[in-house]
Amino acid sequence: MNNNNQSKPFFSVDWTVIVIFLILCLFGWLNIHASVYNPEKQGIFNLSTNYGKQLLYIASACLLGMFILLLDSQFLNAISPILYGIILFLLVLVLIIGKNVGGNQAWIDIGPFKLQPSEFAKFPTCLLLARYLSMDQVKIQDLKTKLIAGTIIFIPVALIMLQPDTGSALTFTSLIIVLFREGLSGYFLFLEGLLILLFILTLLYGKVILISMLVFLGALLVYINRRNRGFAATLLLTLFISVVFVFSVDFAYNHILKSHQRDRINVILGKVNDPKGEGYNVNQSKIAIGSGGLWGKGYLRGTQTKFDFVPEQSTDFIFCTVGEEWGFAGCFFVIGLYLFLLLRIINIAERQRSSFRRIYGYGVASIIFFHFFINIGMTIGIIPVIGIPLPFMSYGGSSLWSFTILLFILLKLDSSNRINTV
Amino acid sequence: MNRFFERKFIVQGIFIVISVILLSRLFYIQIVTDKYILSANNNVLRKLIIYPARGAILDRKEKSLVQNEPVYDLMVIPNKVKSLDTVQFCNLIEIDRVGFDKRLIKAKKYSPYKASLFEKQLSAQIYASFQEKLFQFPGFFVQNRTIRSYPDSIAAQFLGYVGEVNDRIITQSGGFYHQGDYIGISGVERSYETLLRGHRGIKNIMVDALGRAKGSFADGRYDTLAASGERLISSLDKDLQKFGEKLMQNKCGSIVAIEPSSGEILAFVSSPTYDPNLMVGRKRGYNYAKLSNNPYKPMFIRPIQAEYPPGSIFKAVNALIAQEFGAIDSNTTFNCTGGYSYGAKGFMACTHRHGPVNLRQAIAQSCNTYFGYTYNRMIDHANMRPVNAYKRWWNAVSQFGLGSRLGIDLPNERKGLLPTDKFYTKRWGSNKWGSGFNISLSIGQGELGTTPLQMANLVATIANRGFFYTPHLIKAVGEKNVIKKEYTEKHNIEIDTRFFNVIINGMSDAVNLPGGTAYFSKIPGIDMCGKTGTVENPHGKDHAVFFAFAPRQNPKIAIAVVVENVGFGATWAAPIASLMVEKYLKDTISRPPSYLDRIYLANLLPPIRIKPSINVTKSADSVKNNHNILKPTVSIQKNKAKKPNE
């Protein structure tokens, strides 16, 4: 079986996904180039520039992808606990020896490059989650399963929160989609959405207002549904969980987090003014995108991104350059590509014969979706500023490699699926 | 099919819904609303004002009187300022730390996100060293401008100066002037402001988030060019002006020289003067205060603002009018017994006992007695009531431009004083007065005030034998050399030309005949006609005046010289005038250097407590005893009228 598989590792790969992957990487590179373009510093291979480095990252990501395609899919399943262990170790390590940049202890220096373990925590978590949920006798409806699955997700989240890198930590909440697909009641999907909302609202408005509103709304709903005993009980439970959650978030925020971490969260939430004035980042980002019009200003002709009005323009705010220089047409193209990729990944997941592969596929889709939604939503001002990169397009080696690994493991699993019936 | 397969559609549904939400939002901000395009332009666009160069001012030979010199205004956008090395910054532009904070606070108060002036007029040298470090100081940028520069440091009062517009001017201008614009405040700079200022241009450039320029916006499609101000050609002769200022150094007074045939002012000296370069640059405020507090008032424009009785030149006016009225003719002779007696006890002394003098001699020798009789004839023996005769006389005199503004192209010209009959009627409480009540008018004293400009114009009118053009300083405007219409209009005096000859002969005698009052100032080879005068000054030593024109036939220059507080006119004023005339007509000085040095080296400034004479009405020419010149009749004294000339 292995020999058969290894002999033709590439032919059975889903080339559509690879083409989308390449288009996103290269289009991302074009926009990184545009956002830091300097007519006096020509040359795309200039390693002192972001676009020069990104070219290197893309090339190495391709090599990394090819390497993954050469791995054995069973091996990936088997190795997942070890990978998970390694990443937990790195996440602890970064808290000890990591480099603090902008209030985040998220990077480990390796020579000239900086490694961001939180980025690499995604695929081991997905793999382990898939491995666990695909085991015999494991049913998501069981409380024990829920707890174990929750723990697998929660440990890296907790470690990342300590950095604190709220954006990356929140990414893992998207894995609820995986659990949902595997049979978790829709109630939990709703509950998670509610809790995320409550988390943000608590930090924004404080517990008093929020709990009063919760109790009022909850009581009203329970009263309306008082004849439906079961539903009323669920509502009460939700209300209880919500209130407890709000209290604990408030407590954690006020008593566990240090003041600079609080500040960081406040800035992320737009609760306090950043140094350049309230909402400067989002405002500039919206201005950049909004000024693009239908067809955009043209490649290298964006003024907002090129002249540094938009912060983090090649990493988290790369979509601004797309919006400004390529206009609505470019945005439509990019969003269309992501949507196509996501739907394609779901289809790939669903055609897997093993539940391990399917679950992993959903994990990939969930995480890419979360990044895609939060990142673009943030740049156009419908989501608070949460610093997470746009998959494949944002500048940065860690993020590109981590998404490449995430995606190519799926492609590997899929190609084995098509060759072998497991 | 595994269980929960249908949930795939829910998940895919979520993906699709979210994508549609994102696209709708993008559709709104990119296509529906254009407010982000405007904001983007606000971000990157900086409107740079291209200040126009003020028009140049040239002299009559088109030599430059005023140039423009580049300077650099340092601007700041306060909310773009980041932490900077304040010490280095302050050293570079030569301010101190307190000044730095003060300026920044002021700019913030004006607007935190709009550019405002931080420090004006950095010199080219400071700018050069500052510019290299400019990138270290985000939020600061430099705006080019030009300021005035005066290569010869002359004609300060004529040229005037420019300054920044104030709030009142900005409001009144209806949007033409903006904060930081310059405007002419005095002199030609003010009177020709609308021509000199030109039009500002706007250049749209793009800047980055740190305010660094990144090139032109939309290839300059929205830029407008600055239009320089118009060029002015002044009537001033630069060399003559320079010479005049040198002659007048360390003296208080004026020189006004006019070309009689055109009314063009050839020299306009107000002394003491100052270097016009003091009124530009960063130290202007300091210099201004210093000049304002100078007791000799260098900023006082004496040629058009100082008023003196005209003195003896007015005898010429009386002689002309008397001939025209038929009161005397060129052969009329009066006997001078050392003074003119009038009324019961009235007596106006003369300098000498001239014996019998005719008109020509009376002018040449400046005989007070002769003109006392002449005036008496005009007023008291004109077959009409003296009041009406005075009115007729007043009308005739005012034709010469006395008692009203001539209309020179400078602001703040004073009109002088020529009292009407009503003035005397009011003073004496009755209209039954006669020549004895203002007899000093016969010799150009008493209640008369004339500016040096009016004096020079008077001479020009005599030189022209009966007409003048309004004296003016700007003879041509712009590349097409347009001349203002009001300066091409001939003002005729209603006095027959033939009556002028005897006057001019008398003035020629005064200079060219041995024993003439100004014989000392005779110019070899030039027939200059002149008239000395001494204006007694109640505040100190007399003022010397001298009027002249030359040559006698076809005159090219008419001049009035006033030197304050120096005594007899022939001593200082006449030599200065004669040198000016010679310089202008021959461009060389034939007199020995000692003659010049005597004037150059003389320090004739009055002691510091003396205020410049603005209204010296109580004085007399050639009259030793200025008290009791006029003695009104007893009957009127009973009316408790004030005595004149006290």
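**Note on a predicted two-chain model**

1. Chain A has 17 helices and 3 strands; helices (H or I, at least four residues) and strands (E, at least two) are DSSP runs numbered from the N terminus. This is a predicted model, in which local features need pLDDT of at least 70, side-chain atom pairs count only at pLDDT 80 or more, and totals for chains, interfaces and linings use all residues. Residues are numbered from 1 along each chain as its sequence is written, chains are lettered from A and ligands numbered from 1 in the order in which they are written, and side-chain values use heavy atoms, with hydrogens and water left out.

2. Of its 422 residues, 57% count as buried, where buried means under 20% relative accessible area, exposed over 50%, and partly exposed in between (1.4 Å probe, protein chains only). Among chain A contacts (heavy atoms within 4.5 Å) between residues at least 6 apart in sequence, 72% join residues at least 24 apart.

3. Confidence in chain B. The mean pLDDT of chain B is 84, and 93% of its residues reach 70 or more; pLDDT is the predictor's confidence in each residue, from 0 to 100. Over residues 612-646 of chain B, pLDDT stays under 50, and the model has 101 contacts beyond four places in sequence for this stretch. Where pLDDT is low, the predicted coordinates should not be read in detail.

4. Salt bridges in chain A. Over all chains, the search of the whole structure finds 33 salt bridges, each being a side-chain nitrogen of Lys or Arg within 4 Å of a carboxyl oxygen of Asp or Glu. One of them joins the side chains of A:Arg351 and A:Asp414 at 2.6 Å, N to O. This pair links distant parts of the chain, 63 residues apart: A:Arg351 is in the loop between helix H15 (318-350) and helix H16 (355-379) of chain A, and A:Asp414 is in helix H17 (residues 397-419) of chain A. A:Arg351 counts as partly exposed because its relative accessibility is 30%, whereas A:Asp414 is buried at 0%. Both residues belong to a network of salt bridges that also links A:Asp14 and A:Arg344.

5. Salt bridges in chain B. B:Arg54 and B:Glu189 form a salt bridge, with their closest N and O atoms 2.9 Å apart. B:Arg54 lies in the loop between strand E1 (45-50) and strand E2 (57-58) of chain B and B:Glu189 in helix H8 (residues 187-191) of chain B, so the bridge ties together parts 135 residues apart in sequence. Both partners are buried. B:Glu582 and B:Arg591 also form a salt bridge, again with the closest N and O atoms 2.9 Å apart, and both of these residues are buried.

6. Strands of chain A. Strand E2 (residues 104-110) of chain A is largely enclosed by the rest of the structure because 5 of its 7 residues are buried. E2(A) pairs with strand E1 (residues 99-101) of chain A in the antiparallel sense over 3 bridges; pairing requires that DSSP finds at least two bridges between two strands. A:Trp107 in E2(A) is the bridge partner of A:Lys99. E2(A) also runs antiparallel to strand E3 (residues 113-115) of chain A, joined by 3 bridges, and A:Asp109 stands opposite A:Lys114 in E3(A). The hairpin of E2(A) and E3(A) has 2 residues between the strands, and A:Gly111 takes a positive phi near 60° there.

7. Nonpolar cores. A nonpolar core is a set of buried Ala, Val, Leu, Ile, Met, Phe, Trp, Tyr and Cys residues joined through side-chain atoms within 4.5 Å. The largest has 117 residues, of which A:Phe319, A:Tyr360 and A:Phe392 touch the most other members. H15(A) supplies the largest share of this core, 17 residues. Leaving out residues up to four places away in sequence, A:Tyr360 touches residues including A:Phe123, A:Leu127, A:Ile405 and A:Leu413. A second, separate core has 100 residues, among them B:Leu320, B:Leu453, B:Ile495 and B:Phe549.

8. A helix in chain B. Helix H16 (residues 386-398) of chain B has 13 residues and reaches 18 Å from its first C-alpha to its last, close to the 18 Å expected at 1.5 Å a residue; the expected span is 1.5 Å times one less than the number of residues. Its buried residues are B:Val387, B:Ala389, B:Tyr390, B:Trp393, B:Ala396 and B:Val397. Their cover includes helix H13 (313-325), helix H15 (368-380) and helix H17 (421-428) of chain B.

9. A buried serine. A:Ser242 is found in helix H12 (residues 229-256) of chain A and counts as buried because its relative accessibility is 1%. Not counting residues up to four places away in sequence, A:Ser242 touches A:Leu194, A:Leu198 and A:Leu214.
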